[in-house]
Amino acid sequence: MKKNIIACAVSMGCLFANVPTTLAADTPTSDAIIYHVTFPYSNDQTTIDTLGLNTQYASSAIMSNIIAGVMYTHMIKKQYPELQFNEDDMTTTLLGQLLQESGLHEAIMNTDFSPNQATQAIHNPDFKKILLSAGQGGPYQINDYSKRLPDANSPGSLGLINYDAVRKTLNYTITDQDSGKQTSSLGPDALDDMYFAPMTAAFYRFNDINRMKQLASNDWYVNKEAWDTCWTNLSDPLLAEDPNALRLTDFILNVVYNAGSYSAPLQSYLNVCVKKDPAQLANMNNYNLSPQDYRDAIGSPDTTGDTYYRYPRQVSFYIDQLFGVNLEDAGLNINNQVSLLAGQFNRVFAFAVTKLSYKPSKDKEELTFVTASQADKAFKDALAQLDIKSTDSFTLSNDSDRKAIYQLLDVAIGNVEKTIGSDFNAVTDKGPIDPTSEIQIYTDAKIEGQMFLSASKAGANIVNNWMTPNTHISLPVDASIDQMKDSGVDCTAQAQSAFAKLASEADPEHPQQINVNFQNNSCMISIGDYTPDVPVPPVPEGEWDPAKIYDKPCEKVLHNGLSYHNQWYTTGEEPTPEASANWGVWRIVGKDDDMCKS
């Protein structure tokens, strides 16, 4: 007898009904991971599914997800070296995500799987078709994979395709992402590839940190203060001394992925992070609490969202089973022992890494795949560096064995980066444009103040954005500009005229762009040759940022060796001694005309 519903926790709801799975009555006591559970757990739950372990299929899935998990933590360590986290839980979170969001049980697995084929599906054709339908995000349910996050028009926003390492295998363009074309298209087959799909989840989850960083750079973001404080706490080396507190990082990032950056569950977990209350931290991964008891235990005022509060514990519950943790107190009697050879990891590493790409020349857009020989040499060099033999066996229930696997894979990934001369977290903000599908709008670096742009497509608003110095906005060619103005100047008519001209005369061989400037209450809009974005180095902390909106008086900045306070709202106005002496918005700190306290 089979049950018909999979209980799953996905951001946009479960779409996988009527998929046969195993009965709770069939629950094994060894060589399996029990998933799609609720809490408190009991063997008579009708939602559970089972992944049988110690098969070639299961072992390949486990290894490919661990390799992708090490890629995830490798990139974090490079870009956010201050961030503290539990390496076990961060590295294996992708496997837990895969189990919860789609699964790996017999009814949906790829029955034609062969461990010696470098490219093959995770799931059978029927289930794969569901996973790759438009609007879905493959087996990991990264449903916003085809979009920039946090949104298309915020500076610094990136999507999965902006990462050089995955763009060539995904095989759609940055333009396809930014125009919305990919969102309405079927997902690439690679999203369900045994060795590449985990990598897409790794890069997507890595991008979630950038997503939160970009949001929290804005004073209007509802969770800005909590996120900033939490990040400070997560960056404290002392966090590693408290195992419960160290789980905050993977819990919060799981909630960002699963519930979203504006969700009540995220607010709840950020509050736990801010307070660092020992009792709340101790209950954060408690498997024995009902939904409401759990929310009470972590101090959440939320009365809904059972699914989202359950998700990070589900991921942890599945990984505890893989690692042979005794879960009898949580109602599950299962004993797992999974051992894998270094040589097995070598094979899967090559299958995964050769699907990653890089730019051999920094001044060209062309991408090249990592070769099999490069991947294999990088892994074998790591074996030699760490004095490990390919016949050495690693047992996942052994703490030191797991650490050795993570170190081996991290060194191998670093070796590949040295060989190709590129880091895997390298990004390209804008690829080659197609002027027949999108029009680029740039603002000058020296504009005075800011201007509001509103645009729509097919009657629906698609852009509401303030244009500040060096703003770059892409609009679909079939969009329309509804408004471009500020209190002192209205550039709408000129902008509409320039947009209409480019839309009707687009030349793929000679792309052009709209240049926007406004000075002294006057519009200066022109059409010029398209110039790709030149990466602008980040403004050092505390220095004046020409693109930043200083909406609160008395913010202190450093510019050309002098410190200034803004006296009122401003953006794009450069602090200078001359302006300070003439009652400008920026005043030198400590001068008589500075109305702020230093």
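Salt bridges and burial in a predicted model

User: In this predicted model, what makes R211 and D208 a salt bridge?

Analyst: The side chains of R211 and D208 come to 3.0 Å, N to O. The cut-off is a Lys or Arg side-chain nitrogen within 4 Å of an Asp or Glu carboxyl oxygen, so the pair counts as a salt bridge. Both residues lie in helix α6 (residues 197-216), three residues apart, about one turn of the helix.

User: Why is R211 called buried?

Analyst: Buried means under 20% relative accessible area. R211 has 9%, so it is buried. D208 has 0% and is therefore buried as well.

User: How do you know that R247 and D89 form a salt bridge, and where do they lie?

Analyst: Their closest N and O atoms are 3.3 Å apart, and the limit is 4 Å, so the pair qualifies. The pair links distant parts of the chain, 158 residues apart: R247 is in the loop between α8 (243-246) and α9 (248-259), and D89 is in helix α2 (residues 87-101). R247 is at 10% relative accessibility and D89 at 11%; with the cut-off at 20%, both are therefore buried.

Note on methods:
Residues are numbered from 1 along each chain as its sequence is written. This is a predicted model: local features need pLDDT of at least 70, side-chain atom pairs count only at pLDDT 80 or more; totals for chains, interfaces and linings use all residues. Side-chain values use heavy atoms; hydrogens and water are left out. Helices (H or I, at least four residues) and strands (E, at least two) are DSSP runs, numbered from the N terminus. Buried means under 20% relative accessible area, exposed over 50%, partly exposed in between (1.4 Å probe, protein chains only).
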